[in-house]
Amino acid sequence: MKPLKILQVINSLLPGGAEKLVVETSLKFIEEGHQVSILLLKSYDTPLSRQLEKNKQISIFSLGSDTNMYHPSCVFKIAKHLKRYEYDVIHAHLFPPFYWVALSKYASKKSVFIHTEHNTDNRRMSSAFYKPIERFMYKKYDCHIAISETVLENMKRHISSKKVPIELIFNGVNLAAISNAEPYEKKDFGVGKGERLIIQISAFRPQKNQGTLIRAMKLIPDAKLLLVGEGQERQKCENLVASLGLTDRISFLGIRDDVPRLLKTSDVVVLSSHYEGLSLSSVEGMASGRPFVASDVPGLTEVVENAGILFEKNDDHQLADIIKRLLKDESFYNTTVKNCIERSRKYDLDTMAKSYLGLYGKYRDSR
């Protein structure tokens with residue numbers, strides 16, 4: 001394939017599944033001999049941004065550190081960038097880049113415009129006001145990528161137009177990095193003899209529903225919980241922990257760049273979300289060699305079913321019972337681990353990157 005000039009556009013590099021995907025695919029594209037740039041609506045100093053800074057081959061641009069990413073002026077700033085630099089492919093992720101990139105298309109008529117939908121649902125999909133706007137925006141792109149079968153079906157219903165191409169490409173993670181990680185000593189996290197360690201890795205947003213897992217911990221003796229991430233719901237979760245008298249058993253670790261090691265250190269990995277697109281955290285959890293437990297919701301069910309263990313959304317008692325059984329029943333534990341590892345192989349980063357590049361090349365060559 002002739003080398004491609006690729007621009008990925010996303011809100012920021014704050015920790016998140018879509019952000020991690022952009023970083024890891026960009027690194028893979030570079031390995032394959034392509035040129036990659038990333039345009040951020042807003043810049044922050046984060047583990048992901050520091051990871052990219054180590055790779056001098058990837059150019060990182062930003063609209064600024066004080067940008068209001070929801071202001072329409074972003075369209076003109078993006079258009080200015082597109083006029084200055086030529087790209088074969090411009091790939092938008094998340095909202096509002098989905099809108100702003102579509103509206104800046106006039107500035108780069110020779111480029112292929114791609115968009116990835118990362119969630120099964122959003123408020124715009126159920127809004128009568130946004131419906132005509134959404135259809136207009138979707139038609140601006142040459143192709144859209146759905147990251148799971150659930151996302152694909154929801155997009156088809158939402159767009160309701162056969163003229164808008166949608167491709168299914170599963171999200172992927174670096175399976176080798178997960179499987180080869182070395183665990184920490186449990187005592188480093190205050191875990192005593194006879195205690196077990198549970199972990200959830202997710203941003204503190206309403207979608208992630210850490211509260212259900214926190215309440216479940218009240219019902220699980222001799223276990224401690226690590227919550228990894230940051231976000232607007234963290235203080236609310238800390239208050240819940242305090243009100244339940246669990247401050248000595250639940251630790252908030254903030255943003256970490258050693259997730260594979262943390263997963264390996266745990267005994268059970270949980271994700272209690274209300275919904276997902278295709279959660280990279282769920283795939284990492286299943287690849288970690290630990291049993292993965294998730295809520296039975298869109299974006300998780302199809303990934304986890306018949307591999308990890310599903311529980312009814314918001315049911316802290318059922319979640320606690322599942323975790324207790326895993327910790328007591330060695331056969332159940334080992335079978336779940338085996339099934340999770342096998343399932344995780346479906347979501348490999350290399351496979352995903354090759355699928356992206358194949359799609360890019362197909363639309364570039366059709367110009």
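Is Asn306 buried or exposed? Asn306 is exposed, with a relative accessible area of 68%. That value, like every other here, is computed from a predicted model.

## Backbone exceptions

Most residues other than glycine have a negative phi, and most peptide bonds are trans.

Asn306 sits in the loop between α12 (301–304) and β13 (309–311).

Asp222 is exposed, because its relative accessible area is 52% and the cut-off for exposed is over 50%.

Pro96 belongs to the loop between β4 (89–93) and α4 (97–103).

## Helix α15 and Arg364

Helix α15 covers residues 349–365. How does its span agree with its number of residues? At 1.5 Å a residue, the 17 residues of α15 should span 24 Å. The end C-alpha atoms are 24 Å apart, so the two values agree.

Which residues of α15 are buried? The list is Leu349, Met352, Ala353, Tyr356, Leu357, Leu359, Tyr360, Gly361, Tyr363 and Arg364. An α-helix has 3.6 residues a turn, so residues three or four places apart point the same way. The buried residues of α15 pack against several strands and a helix: β1 (5–10), α1 (17–31), β4, β5 (112–117), β6 (143–146) and β7 (166–168).

Arg364 counts as buried because its relative accessibility is 13%, and the cut-off for buried is under 20%. The side chains of Arg364 and Asp365 are joined by a polar contact of 2.7 Å. Leaving out residues up to four places away in sequence, Arg364 touches Met1, Lys2, Pro3, Leu4, Asp88 and Val112.

## Two helix pairs

Two packed helices are described by the angle between their axes and the distance between the axes. The table gives both values for two pairs.

| Helix pair | Angle between axes | Distance between axes |
|---|---|---|
| α13 (residues 316–328) and α14 (residues 330–344) | about 105 degrees | 5 Å |
| α5 (residues 131–139) and α6 (residues 149–159) | roughly 110 degrees | within 10 Å |

Angles of 65 to 115 degrees count as roughly perpendicular. Helices α13 and α14 are therefore roughly perpendicular to each other. Where do they meet? Arg325, Leu326 and Lys328 in α13 meet Glu330, Phe332, Tyr333 and Thr336 in α14. By class, this contact has three nonpolar, one polar and three charged residues.

Helices α5 and α6 are therefore also roughly perpendicular to each other. On the α5 side, the contact is made by Glu134, Arg135 and Tyr138. On the α6 side, Met155, His158 and Ile159 take part. The residues of this contact divide into three nonpolar, one polar and two charged.

Trp100 lies in helix α4. Is Trp100 buried or exposed? At 8% relative accessibility, Trp100 counts as buried. Apart from residues up to four places away in sequence, Trp100 touches Leu41, Met69, Tyr70, His71, Pro72, Cys74, Val75 and Ile78.

Arg234 is in helix α9 (residues 234–243). Its relative accessible area is 18%, so Arg234 is buried. Neighbours within four places in sequence aside, Arg234 is in contact with Phe204, Gly229, Phe252 and Gly254.

Pro47 lies in helix α2 (residues 47–53). What does Pro47 contact beyond its neighbours within four places in sequence? Pro47 is in contact with Ile255 and Asp257. Pro47 and Leu14 are 33 residues apart along the chain, and 8.1 Å separates their C-alpha atoms.

Note on methods
Residues are numbered from 1 along each chain as its sequence is written. This is a predicted model: local features need pLDDT of at least 70, side-chain atom pairs count only at pLDDT 80 or more; totals for chains, interfaces and linings use all residues. Side-chain values use heavy atoms; hydrogens and water are left out. Helices (H or I, at least four residues) and strands (E, at least two) are DSSP runs, numbered from the N terminus. Buried means under 20% relative accessible area, exposed over 50%, partly exposed in between (1.4 Å probe, protein chains only). A polar contact is a pair of N or O atoms within 3.5 Å; within protein, one must be able to donate a hydrogen and the other to accept it, and residues adjacent in sequence count only if both atoms are side-chain atoms. Contact means heavy atoms within 4.5 Å. Axes are lines fitted to C-alpha atoms, for helices over the stretch in contact, and angles run from 0 to 180 degrees between N-to-C directions. Angles under 35 degrees count as roughly parallel, over 145 as roughly antiparallel, 65 to 115 as roughly perpendicular and the rest as oblique. Ala, Val, Leu, Ile, Met, Phe, Trp, Tyr, Cys and Pro count as nonpolar, Asp, Glu, Lys and Arg as charged, and the others, Gly among them, as polar. The expected span of a helix is 1.5 Å times one less than its number of residues.
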